[in-house]
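Work through the exercises below with the sequence and the coordinates open. Each task is followed by a stepwise solution.

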Amino acid sequence: MRKRILAGMALLGSAALVVSGCSSGSDSGSASGDTITVGFAQTGSESGWRSANTESMKAAFSTDNGFDLVFNAADNDPAAQIAAVRSFINQGVDAIVIAPIVEDGWDDVLTEAKDAGIPVVLEDRTVTASEDLYATWVGLDFKLEGEKAGEWAAQTFTEPTKMVVLEGTTGSAPANDRAEGFDAAIAGTPIEKIDSQTGDFTRDGGKSVMEGFLQKYGVDGIDLVYAHNDDMALGAIEAIEAAGATPGEDIKIVSIDAVHDGMQALVDGKINYIVECNPLLGDKAADLVKKVLAGDAVDKRTIVEDQAFDQAAAEEALPDRKY
Ligand code: GYE
């Protein structure tokens, strides 16, 4: 694939944002046969899920697979992520892959990519922008994940139950959809959502929000934690233990992701149920990029299926988990 070389390439001072991911850098910046240059705008490194996703993407967009990957992680800052995408456009990459931090605010930069003739593939999270501004999306059904977590809660808690929620990053597709799916599944049950706050999908965020909840309601005032990801559940476990209570018993926990540390906590009885969210999207994303650049027809949406685990299922699955 011939690289687009833009005359008078203006990096708008954002070159420092972009670090080379997998390539040694030896062939970057020059047209190199059939190599496909891809700019990947990752959210950041907020969670175990994200580390596994980054690893999967870097492995798939490797030099051996014919790619020159330009990797950027935006540290969960939507403005920085948009600046990174703009920098990819200015560099004249062949294709752009984005894991959008938030759903809104993408119209302008996606239009700029379209005008520059650079196809965009979304992975992981979705956007609210019009579908014709990107080529395709590969990811997970976050609403269904929330529904599965909520169905478990609805079946498990048949007496009045006080629940707190640790939300993911405000404005992100998984935070919005996991809340919606869960709320629909527990509607009409005796589960009462007494509080809900963002922990930004991080372990520290989950811990400090849970500390606040415990101060406000006390250990006895909370029966259930719904965490939008395992990392926040792991932070909540620390807060519950520091408050002298037993996570998984005094306060039950349901979360989403099924990353290794979360699954271990489920095996240890500190988390009670986990709905999976598969981060291994690299091969599918790389395949879509190749197809889109070749002009092949692709589905607008590719949804990867998730499972769910109770303690026994986690014990069985853990030894073979890839993340
Ligand atoms: O669940 C969370 C991560 O977008 C699906 O982002 C992803 C979510 C994942 O930080 O752990």
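**Exercise 1: helix 7 and helix 8**

In the contact between these two helices, Asp230, Leu234 and Ile237 of helix 7 meet Asp261, Gly262 and Ala265 of helix 8. The model is a predicted one.

Task: Sort the residues of the contact of helix 7 with helix 8 into nonpolar, polar and charged, and say at what angle helix 7 and helix 8 pack.

Solution.
1. The contact divides into 3 nonpolar, 1 polar and 2 charged residues; Gly counts as polar in this scheme.
2. Helix 7 covers residues 230-242 and helix 8 covers residues 260-267; they pack at an angle of about 50 degrees, with their axes 9 Å apart.
3. Helix 7 is therefore oblique to helix 8.
4. The crossing of helix 7 and helix 8 is left-handed.

**Exercise 2: helix 1 and helix 9**

Task: At roughly what angle do the axes of helix 1 and helix 9 cross, and which residues make the contact?

Solution.
1. Helix 1 is formed by residues 48-60 and helix 9 by residues 282-294; their axes come within 8 Å and cross at roughly 45 degrees.
2. This angle makes helix 1 oblique to helix 9.
3. Helix 1 passes helix 9 in a right-handed crossing.
4. On the side of helix 1 the contact is made by Ser56, Met57 and Ala60, and on the side of helix 9 by Gly282, Asp283, Ala285 and Ala286.
5. By class, these give 4 nonpolar, 2 polar and 1 charged residues.

**Exercise 3: helix 2 and helix 3**

Task: Decide how helix 2 and helix 3 lie to each other, and list the residues that meet.

Solution.
1. Helix 2 (residues 78-91) packs against helix 3 (residues 107-115) at an angle of about 10 degrees, and their axes are 10 Å apart.
2. Angles under 35 degrees count as roughly parallel, and helix 2 and helix 3 are therefore roughly parallel to each other.
3. Helix 2 contributes Ile82, Val85, Arg86 and Ile89, which meet Asp108, Val109, Glu112 and Ala113 of helix 3.
4. The contact of helix 2 with helix 3 has 5 nonpolar, no polar and 3 charged residues.

**Exercise 4: the ligand**

Task: How many residues surround the ligand, and how far is an oxygen atom of the ligand from a polar side-chain atom of Asp124?

Solution.
1. The ligand is surrounded by 13 residues, the closest being Glu46, Asp124, Arg125, Asn229 and Asp257.
2. For Asp124, a polar side-chain atom lies 2.7 Å from an oxygen atom of the ligand.
3. For Arg125, a side-chain N or O atom is 2.7 Å from an oxygen atom of the ligand.
4. For Ser47, the corresponding distance between a side-chain N or O atom and a ligand oxygen atom is 3.0 Å.

How values were computed. Residues numbered from 1 in each chain as written. Predicted model: local features only at pLDDT ≥ 70, side-chain atom pairs only at ≥ 80, totals over all residues. Heavy atoms only, no water. Axes fitted to C-alpha atoms, helices over the stretch in contact; angles between N-to-C directions. Helix = DSSP H or I, 4+ residues; strand = E, 2+ residues; numbered from the N terminus. Parallel < 35°, antiparallel > 145°, perpendicular 65-115°, else oblique. Left-handed = near helix turned anticlockwise from the far one by under 90°. Contact = heavy atoms within 4.5 Å. Near = heavy atom within 4 Å. Polar contact = N/O pair within 3.5 Å; in protein donor to acceptor, adjacent residues only side chain to side chain.
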